[in-house]
Amino acid sequence: MASHRRPKQPSRTRVTVLTTAAAAAVALSSQAANAAPSEKPSKDEVKAKVDKLYEEAEQATEKYNGAKEKQEKLQKEISTLQDNVARGQEELNGLRDGLGSMASAQYRSGGIDPSLQLFLSADPDNYLDKASTLDQLSGQQVEALKKIQVKQRDLAQQRSEASEKLKDLSATRTELGKKKKQVQGKLSSAQKLLNTLTAQEKAALQEEEQRSNRASERQVLTGGKTTPASGRAGAAFAAAQGKIGTPYVYGATGPSSFDCSGLTSWAYAQAGVGIPRTSQAQANYGTRISSMSDLQVGDLVFFFSDLHHVGLYAGKGQVLHAPRTGTNVRYESMSTIGGPFMFGVRV
């Protein structure tokens, strides 16, 4: 007959563990359900971050401009050297042909002078180093040999110089590509941040900027102007005024778009004055003015410790400049540039 046993009851310890685990699971589930989502950055926080990225992009832009300017300069120098080498080679060939004609004439008249024969089969540099052989040549032959020697040395030097500049050009192109990526990376990050804003927030930012533009323009137009530093400074300032509303584009030098140093260099070019391309180079072109009170309309004004931003002084504490990506050429208070005024330069 089968025995009937009561089922074994779970131990008190096991019941306690299971109960505790279940309670913990319920608590975690409740916490996850009630956890607040990560807070979206405010419009002002996004603007602050975007402004910082634009500033970094402008720093990279001026370095990009410097590399681009160097590349263009090297390309011109290399082209000139290559043209000189080609012309020099033609001259050398002509000198050699002339010496060959001498040899032919000697041969027809009874044989080639041994010393000339030696030259025609050897390096003229080594040949002319042997002074004793010069006595065996006619004055005309000596002069021809010396011209060939000088031309060969010139060509060798020019070829060597061209080779070094080609290496420098290759390195500069690599640097230019890196700087371009840096600028584009900063601008891309800024755009991603702006894309997190609602349409209403974007409109509010745009309205704030437009109000600032209108206030600066009223300050310039109604506050009076100081006397331009010179006729050319006045002409440069007038040229820049004609570009108000033109968009900022990094690396651009006009006339349909500008970056900061592109605007200033273009404006002075319209006044017949060639100034360097980059803001850092422009800072050393003219008479430095330390006090803002001594500035005159048309003076170049520089901002930030590394001088990566430049504009034209507009009078009454205002600057006419190309601010950054997403903006147009405009007047702006020097106190709102985002970086300290360093000094001015009177071209």
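Which residues does P247 touch, not counting residues up to four places away in sequence? In this predicted model, local features need pLDDT of at least 70 and side-chain atom pairs count only at pLDDT 80 or more, while totals for chains, interfaces and linings use all residues. Residues are numbered from 1 along each chain as its sequence is written, and side-chain values use heavy atoms, with hydrogens and water left out.

With that in place, the opening question can be answered: P247 touches S256, S257, F258, T327 and N328, where contact means heavy atoms within 4.5 Å. P247 lies in the loop between α8 and α9; helices (H or I, at least four residues) and strands (E, at least two) are DSSP runs, numbered from the N terminus. With a relative accessible area of 36%, P247 is partly exposed, a class that falls between buried (under 20%) and exposed (over 50%), using a 1.4 Å probe and protein chains only. P247 and T325 are 78 residues apart in sequence, and their C-alpha atoms are 8.1 Å apart in space.

T246 is placed in the loop between α8 (231-241) and α9 (260-270). T246 is buried, at a relative accessible area of 11%. Beyond four places in sequence, T246 touches P255, S256, S257, F258, N328 and V329. The T246 side chain also reaches the backbone oxygen of K243 at 2.7 Å.

Turning to the whole protein chain, there are 10 helices and six strands. Of its 347 residues, 37% are buried. Among contacts with a separation of 6 or more, 67% come from residues 24 or more positions apart.

Definitions and conventions: Polar contact = N/O pair within 3.5 Å; in protein donor to acceptor, adjacent residues only side chain to side chain.
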